[in-house]
Amino acid sequence: MRRPVLAVLLLIPSLLPAGGAGAAAGVPDDVPAGLWARPVEGAVTRPFDPPPDRYGAGHRGADLAGVPGSPVVAAGDGVVVFAGMVAGRPVLSVDHAGGLRTTYEPVDAAVGAGQPVARGTVLGTLVGGHAGCPIAACLHWGLRRGEVYLDPLSLLEPPEVRLLPMG
């Protein structure tokens, strides 16, 4: 009984993607888990759905349910790099360590470009009317490293790894 279990345990690392469990979730291992906060408390109304290629259709973030006028907080420590209008919508972006950038939309900004923020700092208030939102307001929360879009929800919880019994 011990040999088959040992064989399975030795095989597991070869089945994981290079870079460890964090890379499997879309966030590299050098991004510490637990240092991130949810920008609003609402449920996910539309999950991350990466496009098949750089210009393909997809959903490059996660939409979180909210209430118009409610606070939107910084997911992690960083520096505000943009707060303004993009295609007629109010957008805010924060650069974080490790080359990560989070985006928040639609947000009426209370902070400006160049301002350092800590996890949980109020960035602004949620504006209603996000396209595709099934309720009065949804926050579109995005994450990318360079030009690669990642699932922002992967910042919140480390991936769950389970070993199943053999047999």
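I started with arginine 101 and aspartate 95, whose side chains meet in a salt bridge at 2.6 Å, N to O. For a salt bridge I took a side-chain nitrogen of Lys or Arg within 4 Å of a carboxyl oxygen of Asp or Glu. Arginine 101 is partly exposed at 26% relative accessibility, and aspartate 95 is partly exposed at 27%. My cut-offs were under 20% relative accessible area for buried, over 50% for exposed, and partly exposed in between, with a 1.4 Å probe and protein chains only.

Notes on the source. I am working from a predicted model, in which local features need pLDDT of at least 70 and side-chain atom pairs count only at pLDDT 80 or more, while totals for chains, interfaces and linings use all residues. I number residues from 1 along each chain as its sequence is written, and side-chain values use heavy atoms, with hydrogens and water left out.

Next I looked up how many salt bridges the structure holds, and found two. Besides the pair above, arginine 89 and glutamate 105 meet through their side chains at 3.3 Å, N to O. Arginine 89 lies in strand 5 (residues 89–96) and glutamate 105 in strand 6 (residues 100–105), so this pair ties together parts 16 residues apart in sequence. Arginine 89 is partly exposed, with a relative accessible area of 41%, whereas glutamate 105 is buried at 8%.

Then the overall layout. Along the sequence I read the pattern α-α-β-β-β-β-β-β-β-β-β-β-β. Of the 167 residues, 34% are buried. I also checked contacts, meaning heavy atoms within 4.5 Å. Among those between residues at least 6 apart in sequence, 59% join residues at least 24 apart.

I located phenylalanine 82 in strand 4 (residues 78–86) and noted it as partly exposed, at 32% relative accessible area.

Last, the cysteines. I found one disulfide in the structure, a disulfide being a pair of cysteine sulfur atoms within 2.5 Å. Cysteine 133 and cysteine 138 form it, with sulfur atoms 2.0 Å apart. The torsion about their S-S bond is about 70°, so the disulfide is right-handed. Both cysteine 133 and cysteine 138 are buried.

Terms used. Helices (H or I, at least four residues) and strands (E, at least two) are DSSP runs, numbered from the N terminus.
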